[in-house]
Amino acid sequence: MKRIYSVLVENRAGVLSKVAGLFSRRNFNIDSLVVGETADRAVSCMTIVSSGDERTIEQIEKQLNKKIDVIKVKTFKESMSINRELMLIKVKYNRENRRDIMENCQIMNAEIVDMSKNMMVIQICDTSERIELFIEMLRSVSIVEIARTGTVALTKCKEN
Amino acid sequence: MIGAEAIVKCLEKENTEVIFGYSGVAIDPFWNSILDTGIKTVLIRTEQNAAHCASGYARISGKVGVCAVTSGPGATNLITGIATAYADSIPLVAITGQVNSDMIGSDVFQEADITGAVESFVKYSYLIRDVNDIPRVFKEAFFIAGSGRKGPVLIDIPMDVQLAEFGDKLSYPESISMRSYKPTVKGNIVQIKKVIKEVEKAKRPVICVGGGVHLSGATSEIVRFAELNDVPVVSTMMGIGVMPSEHRLYFGMVGNNGQPYANRAMNESDLLLMVGARVADRAVNRPDLITENKVMVHIDVDPAEIGKNVGPTIPLVGDIKHIFNDFLEQDDHADDHRDWVDTLNKYKEDMDSDRVPDYAIEAYVEPRDFIRRLSRAMKDDAVYVADVGQNQIWSCAYHIVKRGRFLTSGGMGTMGYSIPAAMGAKLADSSKQVVAVIGDGAFQMSMMELATMKQYRIPVKIIVLKNGFLGMVREHQHYVYNDNYSMVELKGDPDLGLIAAAYDMEYKKVDGNSDIDGELAAFLESDISALMEVRIDPMELTRF
């Protein structure tokens, strides 16, 4: 089972390593981990995507709460939140496939943000699943490099 | 005033009586500032034991134990002691000196990233960068160590911060509020009422007490509750001593190394109250089975313990003393479980592993019989500190706790814990008789502290069960490796009589021909440190 943990932490030196260390020590998975400041500069928000059985999911939340630097933990399913990830992908193109790539970008709402004679950097901001799909679509082209941010998430305005 | 003096002021505000530690350049400003204060300092002989001493002190005094060592190897040597305290939730504040702030990260002499290294064994750690943070950090550290689920907190202080000018006045925070740390004290009243209902309904209730009961100071509340409701009590290793061993409702220690009837009581109960116990592997073989056919209530101050190893029917988070006071308030009528208690007593008679075997080999003392006799010879309120190994298993099973305490390294199983912990216990309460029982393996890991005992006149009685083997592992190799012994024979063992003489300690040697009761009476009589060597059969097993 996949879960997203939105973790508010004190914005102090070493907090990231404490939280990451907790996951490795307790044998929990990290699918992705993103850290950023919040509206309050003394507080950072970590968005951690993890998976495990029911007991593990519960333990992750409890063990996170136990960390002294953790202020608040919210756990939710992907369906309960708006989830976004940003990817930059550098591809080689040629005359034959340029149009295809541009069409794909259009379909997927991706944007070409940099270009040279034979390479381009495409930016896409979407859910992890759609980013995976976009990568699949570009497989036939030569992919040079990929940089992904990992998921950030906020719970939906209306709870269903 | 400099930073180091500010630290001492903070410790005075926390009513610290004694600090165990070791010196080194990076912690010297602190040791220099503590001279001529009311705080007693004890120079131990290796850093690990500073934490063990502080642990023994904390467990008997009920206060936070304090130790301080230097940077680099001093700090890394302390880690095993800190990990030992963490595994048993013992409140400590460990202070480490650090190299100058501007040198951190450049691998200078005696630099170690101790806050990084110790991360998974501490409740929290600090690296103080600004001298003005000292009062807040110390207030927080003592608060964190001694509240909620207790545990060690480490404070790393660079030398330049210790030497920096602090100002003339130190205002120590009176109270503290941390938005990210608010341990639950009071139990949820709805849950409490649910538990009371279950207790009233139960036909075969059992309470299993763990170390959390001692840490919460809830011993008398548990005993009262058990007596009022006529509920049998079993314990984990860390919970030994909550109930007097010979109490009519006490049925021994559970687990692989426990009494079979204690396990049977737990398994056959229809209501099990797990109190301040983490249902660890050594206590409960199959946590998934323990909840079968019964209502299980898990009471713990640490919400993360609940559901970690076993899923309870009723979780109850809070301080045990508070919760049991609420139980006693809510539950006003006495129950009677005479049939169930009778059944357990019958199990006890039938499966009596307490029975001490007859012994034929004259050269050796029967260890179970010896521990029984030792218990009887000790004062009622004495502190018994068991080390790790076969001696620990025998001590758990055969020591009779009356009004005293039983200390051991339960979670980590750290060899060599007993001697320094006994020293700390004695310094916490000099009126108590303190006896450490240890094997010859662990003794050789910690015998350097005999010098500390001599230097500070700490009268601890040490009993070495000597068999020339690392007995517990030898026993394992006997069963698992068909007596192919590897790395367990202690050849070249020293003459303990000469060692005792070297430290001016009284010494006695006991073998199968000795008048054990007479020797024990003489050994325990005086309030000076003494060493007793007890020869036991190297092939002795903890299981029959």
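A residue counts as buried if 20 or more other C-beta atoms lie within 10 Å of its own, as exposed if 12 or fewer do, and as partly exposed in between, the C-beta atoms being placed from the backbone. In this predicted model, Gly497(B) has 14 other C-beta atoms within 10 Å, and it is therefore partly exposed.

Gly497(B) is found in helix H21 of chain B, which covers residues 496-502. When residues up to four places away in sequence are left out, Gly497(B) touches Tyr507(B) and Lys509(B). The C-alpha atoms of Gly497(B) and Glu533(B) are separated by 8.2 Å, although these two residues are 36 residues apart along the chain.

## Two residues with positive phi

Two loop residues of chain B can be described in the same terms of burial. Ser89(B), which is not a glycine, has a positive phi of about 55 degrees, and it is found in the loop of chain B between helix H4 (73-87) and strand E4 (92-98). With 25 other C-beta atoms within 10 Å, Ser89(B) is buried.

Asn482(B), a residue other than glycine, also has a positive phi, with a value near 50 degrees. This residue, Asn482(B), is found in the loop of chain B between helix H20 (471-480) and H21, the helix that holds Gly497(B). Asn482(B) has 7 other C-beta atoms within 10 Å and is exposed.

## Chain B as a whole

Chain B has 22 helices and 18 strands. Its radius of gyration is 24 Å, close to the 24 Å that the globule rule gives for 544 residues, so chain B is as compact as a globular protein of that length.

Of the 544 residues in chain B, 54% are buried. If one takes the contacts in chain B between residues at least 6 apart in sequence, 76% of them join residues at least 24 apart.

## Two helix pairs in chain B

Helix H11 (residues 260-268) and helix H14 (residues 338-350) of chain B pack with their axes 9 Å apart, at an angle of about 150 degrees. Angles over 145 degrees count as roughly antiparallel, and so H11(B) is roughly antiparallel to H14(B). The crossing in which H11(B) passes H14(B) is right-handed. On the side of H11(B) the contact is made by Tyr261(B), Arg264(B) and Ala265(B), and on the side of H14(B) by Leu344(B), Tyr347(B) and Lys348(B). Sorted by class, the contact of H11(B) with H14(B) has four nonpolar and two charged residues, and no polar ones.

Helix H15 (residues 367-377) and helix H16 (residues 390-398) of chain B cross at roughly 55 degrees, and their axes come within 9 Å. That angle makes H15(B) oblique to H16(B), and H15(B) passes H16(B) in a right-handed crossing. Pro367(B), Arg368(B), Ile371(B) and Arg372(B) of H15(B) make the contact together with Trp394(B), Ser395(B) and Tyr398(B) of H16(B). The residues of the contact of H15(B) with H16(B) divide into four nonpolar, one polar and two charged.

## Chain A

Chain A contains four helices and nine strands, and from the N terminus on its elements run β-α-β-β-α-β-β-α-β-β-α-β-β. The C-alpha atoms of chain A fill a box of roughly 55 × 35 × 30 Å, taken along the principal axes.

Of the 160 residues of chain A, 22% count as buried. Among the contacts in chain A that join residues at least 6 apart in sequence, 73% are between residues at least 24 apart.

## Where the two chains meet

In the contact between the chains, 14 residues of chain A meet 11 residues of chain B. Helix H1 (15-25), helix H2 (54-66) and strand E4 (70-76) of chain A each supply at least two residues of the side of chain A that touches chain B. The element that gives the most to this side of chain A is H2(A), with six residues. By class, the residues of the side of chain A that touches chain B are three nonpolar, three polar and eight charged.

Key: Residues are numbered from 1 along each chain as its sequence is written. Chains are lettered from A and ligands numbered from 1 in the order in which they are written. This is a predicted model: local features need pLDDT of at least 70, side-chain atom pairs count only at pLDDT 80 or more; totals for chains, interfaces and linings use all residues. The radius of gyration is taken over C-alpha atoms; the globule rule is 2.2 Å times the number of residues to the power 0.38. Two residues are in contact if their C-beta atoms, placed from the backbone, lie within 7 Å. Axes are lines fitted to C-alpha atoms, for helices over the stretch in contact, and angles run from 0 to 180 degrees between N-to-C directions. Angles under 35 degrees count as roughly parallel, over 145 as roughly antiparallel, 65 to 115 as roughly perpendicular and the rest as oblique. A crossing is left-handed if the near helix is turned anticlockwise from the far one by less than a right angle, and right-handed if clockwise. Ala, Val, Leu, Ile, Met, Phe, Trp, Tyr, Cys and Pro count as nonpolar, Asp, Glu, Lys and Arg as charged, and the others, Gly among them, as polar.
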